[in-house]
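Please keep the sequence and the coordinates at hand while reading.

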Amino acid sequence: MLFSKFFEKISKELNQIREYGDSDTAYQYLNADDCLDYVNETIKELVDLNPRIFKEEYKHVFNEESYTFTLPAIFYKILEYYDSIDGVWRIPADSSDMTKDLRATSDKTLTVRTPWQKGDELLLRVVKFPPDIASESDAVPFPSQYMRFLRLEIIQKVMGTVGKSWNDLVQQEYLRRFNDYRLANPAIQTSMRIRSYGARFGK
């Protein structure tokens, strides 16, 4: 959805959503520039709420010997990494076993006891923030099935700035959409053939 269409829809929804019997309409005004800022800010917050929706596979190829892998700056965090010795996907929280050859020391860094060599590969599932939108002709980089939830998040912020709230029916819808979003775990679209044995990929 283009931002111009998104702004049109959220403006209409903002005018429809109000406390029952509230005749004060001045607070419902939202201009395009402010809305654009709200969209960029809120999308980042929602990525953090459920990063699984924005996961993708990333294969890193080492160009020199290294004991440490640091996630490139274009990515937000590591969700999972493939342990090619045990042949399983692990999450950073799995790294409490200090004897493992491959361990996560943070959600951006992995270390090994036996160093990676040039040409070795590391397969990860990572999260990347969508690009900011800058104009009305830009597409809103958010899954279409959760676009209404994104608008409700923004409407809630706008109303909250002046101490307003919505009615119980909208609150029920918001909570339902919030939980649907928070619990979603879509499949990764891209896939790679993975070896389940060997100390490193490519060996």
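Four bridges join strand S3 (residues 77–83) to strand S7, the two running antiparallel, where strands are DSSP runs of type E with at least two residues, helices are DSSP runs of H or I with at least four residues, and both are numbered from the N terminus. Two strands count as paired if DSSP finds at least two bridges between them. The model is a predicted one, in which local features need pLDDT of at least 70 and side-chain atom pairs count only at pLDDT 80 or more, whereas totals for chains, interfaces and linings use all residues. Residues are numbered from 1 along each chain as its sequence is written, and side-chain values use heavy atoms, with hydrogens and water left out.

**Strand S7 and its partners**

- Seven bridges join strand S1 (residues 55–61) to S7, and these two strands also run antiparallel.
- Leu-124 in S7 is the bridge partner of Tyr-58, and Leu-124 is likewise the bridge partner of Tyr-81.
- Six of the seven residues of S7 (residues 121–127) are buried, so the strand is largely enclosed by the rest of the structure; buried means under 20% relative accessible area, exposed means over 50%, and partly exposed lies in between (1.4 Å probe, protein chains only).

**Whole chain**

- The protein chain has four helices and seven strands, which follow one another along the sequence in the pattern α-α-β-β-β-β-β-β-β-α-α.
- Of the 203 residues of the protein chain, 43% count as buried.
- Among contacts (heavy atoms within 4.5 Å) between residues at least 6 apart in sequence, 73% join residues at least 24 apart.
- The accessible surface of the protein chain comes to about 11300 Å², of which 49% belongs to carbon and sulfur atoms, the areas being computed by the Shrake-Rupley method with a 1.4 Å probe and, for residues, with only the protein chains shown counting as cover.

**Nonpolar cores**

- In soluble globular proteins, nonpolar side chains tend to be buried together.
- The largest nonpolar core has 37 residues, of which Phe-3, Phe-6, Val-39, Val-140, Phe-142 and Leu-150 touch the most other members; such a core is a set of buried Ala, Val, Leu, Ile, Met, Phe, Trp, Tyr and Cys residues joined through side-chain atoms within 4.5 Å.
- Two or more residues of this core come from each of helix H1 (3–16), helix H2 (32–49), helix H3 (147–160) and helix H4 (168–183).
- Another core, of 15 residues, lies apart from it and has among its members Phe-69, Phe-75, Ile-78 and Leu-124.
- Leaving aside neighbours within four places in sequence, Phe-3 is in contact with residues including Ala-32, Val-39, Ile-133 and Val-140.

- H3 has 14 residues and reaches 20 Å from its first C-alpha to its last, close to the 20 Å expected at 1.5 Å a residue, where the expected span is 1.5 Å times one less than the number of residues.
- Eleven of the 14 residues of H3 are buried, and these buried residues pack against H1, H2 and H4.
- Arg-148 is found in H3 and counts as buried because its relative accessibility is 19%.
- The side chain of Arg-148 makes a polar contact with the side chain of Glu-13 (3.0 Å), a polar contact being a pair of N or O atoms within 3.5 Å in which, within protein, one must be able to donate a hydrogen and the other to accept it, while residues adjacent in sequence count only if both atoms are side-chain atoms.
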